[in-house]
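Let's take a walk through a protein model, one spot at a time. Keep the picture open while you read.

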Amino acid sequence: MPKKPTKTKNKNKPLSRPQPEAAQLKAIERLMEAGEYTKVVQRLKPLVQRFPGHGGLRRLLIAASERSEGLHAAGLAAFEWAERRPSSIQAQQALLSFAVRLGLVLLADRAARQLRALGLMTPGFPVSPGMLADVLATPEGTLATVEQIECFDIGTLYLDAQDFSGAVDRLDGLEILSARNNRAMALFHLGRIDEALAGFMASWEADQANLFALGWVVRLRLYRGDEVGAQGLTIPLAGATARRLDDALLQLDALLLLRQDAAARDAFTRSKQCAWFEIGKDYPRAVLHHFAACAASRLGRASEAGGLWREALRLMPDFKLAIHNSAGLERDHQASEYPAVFDLSRALPLTWINELRAAGEEIADTVETLTAANVFLEALYLGGEGPLRSLVGLVLMHRAGRADPDAARLLKGFARLPIGTKDERFVFLRLLQEQNLIAPTDLVDYWDGNQLRQINLFSIEVHREPEVSDLPDDLQELLNASIARFNTGDHAGAEPLLAQLLARVPNHAAAKGNLAAIRSFQGRHEEAEKLLREVVADHPDYLVARCNLANLAVLDGNVDEADALLKGLATRRRIHIQDLFTLYGSMALLNRARGEVAVADSLIASLEPLVQNEDDARRLKFAKNLQKSVGLETTFIEALTALVRRPGKPSRG
């Protein structure tokens, strides 16, 4: 029987391409509909790597990237699709659209050329000879080739989309000034500081008018801690006239970083006479006016600064730094010595910042990897916006905690400046205190929001936790009831309640101390003092009684006795907030009686940031009023009243 002919495979028939699962696409589409564009990008990127030719995935990635990361990220996604699929009309159309929107003229021209090769019309392309000549003209006065500018456009696209590794690769070997500048900037954002510095230095040495590169050299020398080297370049930087907007931006940026404010103002004045000054995109022009406004503000020229910030906002109405500084100028009616000059966009390597944001509980490990010198961080703190300043503070606190004396010095200095919030400044000092970098007797400068004051900090852990009562419930109720009556002025009603309590617990510290207060109201001062001395004898650690006796001793002129009563109380490692107000008030009274007014003021000032409720405010008021009694006749009643236990607060015997 003859064999049946076998079927052979058609070698010309294309093999089916691998496809993502339908369920994966559905899940991504649901996320798109829900507006979860960041999650969409996170899911799409590995799928695009696995299925690089899949047009549907590419289109979704472009759309999600634009909504979550912006125009540049979407443009990069379009470029990578077009590069992967040169014969895809949809890919080339996407690239052409984004290249036009981003102003990448020759990259758009390349996409248009490819579309014409695929049979489509491209109105407006190829670019005119005049436009081509403008695009090929370099800042250094030479002509680049079409291929060079195309490569530059691609590298710029990677840089602006924050794909810094891609930018370094794409710009490598491209010998035009702007490409070398951009590659060095990408190296900076990758944290490759020495390579970035070498790149910028080579660019400047090759073209002395390249102020963009020189500004970065100044910045990176300071970044590495070479303050002398950075300052040494201010003469050529300050004396030059920028030949383009980008050069002027880095010129002022570096001068402001070094607080060469007059030089920055003069450089801006020269730039205003240049032909390029009224030309260019609105945002960089707004930044240039903002930099000039900051220089004017630091120099005390409020009116000039206000006008420059208004111009910046005319160019870019949502410019946050200008909005913030203008609001401060209107509020304070004077120029600030510390306007917000810099933001996070170029101050620190963005790769490191992104790692920090993703670090979670491992944030300390990421903070450790930042190589910026303290002198550079100081310059950023003094001229930074809020988020940048907080980040710098975080890094310096970490370093101070690792026994970096220079970081500790900076934090101590920041606490005296009108920058940030009271809480931020106090946190700096508390950290230094915890690290034993501020001695218990040290006076430290602190800006309290209105004025510079000297305050004293002690290494005491302050807590607000209720302590377990040493009384059974029925007696605790008696104590609370007696205090309630005392507070309403019903001393006659409070006394028998205390008597009932003392009948069962004769030497109870709080009850006996409160009875002393009642005796003082009755004019029986000797009995009241005798009761207090008994409390101190039976309960030598009972802070309230010792402070009360110390106050009376000061008012009687017995400074040495008061000193003996207070000795050792400030060395406690843990103290309740009520006792802290009592202790600092008494210590301040003693210091004032000795003539140590600055120390006394610092003790009272150190209490102010701790006020959180009405009880704290009342105790602070008493501590302040107590200071007024030095040199005056003060009754026993006035010295005791505020030390009576309050309802609901457990006693501490």
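Two residues are in contact here when they have heavy atoms within 4.5 Å of each other. With that in hand, look at K512: not counting residues up to four places away in sequence, K512 touches L502, P506, N507, L531, E534, V535 and D538. You'll find K512 in helix α29, which covers residues 509-521. Is K512 buried or exposed? K512 counts as buried, because its relative accessibility is 8% and buried means under 20%.

Over the protein chain the pLDDT averages 89, and 93% of the residues score at least 70. Residues 632-637 are another story: the pLDDT there is below 50, and the stretch has twelve contacts in the model beyond near neighbours in sequence. Over residues 639-653 the pLDDT also stays under 50, and for these the model has 67 contacts beyond four places in sequence. Where pLDDT is low, the predicted coordinates should not be read in detail.

Most residues other than glycine have a negative phi, and most peptide bonds are trans. So which peptide bond is cis, with omega near 0°? That's the one from F125 to P126. P126 has its place in the loop between α6 and α7, the latter being residues 129-136.

Now look at what else is there. D109 touches F125, P126 and V127, leaving aside residues up to four places away in sequence. D109 itself is found in helix α6, residues 105-117, and is buried, with a relative accessible area of 9%.

Next come two residues with a positive phi. Q162 is not a glycine, yet has a positive phi of about 65°. Q162 lies in the loop between α8 (146-160) and α9 (164-171), and counts as partly exposed at 42% relative accessibility. H333, also a residue other than glycine, has a positive phi near 60°. Its place is in the loop between α19 and α20 (344-347). At 70% relative accessibility, H333 counts as exposed.

**Charged pairs**

Side chains of opposite charge can pair when their charged atoms come close. How many salt bridges does a search of the whole structure find? The count is 44. Here are some of them:

| Salt bridge | Closest N to O distance |
|---|---|
| D194 and R224 | 3.2 Å |
| R464 and D616 | 2.7 Å |

Start with D194 and R224, whose closest N and O atoms are 3.2 Å apart. D194 lies in helix α11 (residues 193-206) and R224 in the loop between α12 (211-223) and α13 (227-232), so this pair ties together parts that are 30 residues apart in sequence.

Then there's the salt bridge of R464 with D616. R464 sits in the loop between β3 (461-463) and α27 (473-487), while D616 is in helix α35 (residues 614-627), so the pair ties together parts that are 152 residues apart in sequence. What about their surroundings? R464 counts as partly exposed at 33% relative accessibility, whereas D616 is buried, with a relative accessible area of 2%.

In the pair R524 and E527, R524 is partly exposed, with a relative accessible area of 32%, and E527 is partly exposed too, with 37%. Salt bridges can also join up: D207, R243, R244, D246 and D247 are linked in a network of them.

Finally, find the second largest pocket, which has a volume of about 750 Å³. Of the 31 residues that line this pocket, R331, D332, S336, Y338 and P418 are the closest to its centre. The elements that give two or more residues to its lining are α19 (320-332), α23 (374-383), α24 (386-401) and α26 (422-434).

Which element gives the largest share of the lining? The answer is α19, with eight residues. By class, the lining of the second largest pocket is made up of twelve nonpolar, eleven polar and eight charged residues.

Key
Residues numbered from 1 in each chain as written. Predicted model: local features only at pLDDT ≥ 70, side-chain atom pairs only at ≥ 80, totals over all residues. Heavy atoms only, no water. 1 Å grid on protein atoms, 1.4 Å probe; cavity = no way out; pocket = protein on both sides within 12 Å on 5 of 7 lines; lining within 4 Å. Points joined across faces, edges and corners; volume = space filled by probe spheres on them. Helix = DSSP H or I, 4+ residues; strand = E, 2+ residues; numbered from the N terminus. Nonpolar A, V, L, I, M, F, W, Y, C, P; charged D, E, K, R; others polar. Buried < 20%, exposed > 50% of the residue type's maximum accessible area, 1.4 Å probe, protein only. Salt bridge = Lys/Arg side-chain N within 4 Å of Asp/Glu carboxyl O. pLDDT = per-residue confidence, 0-100.
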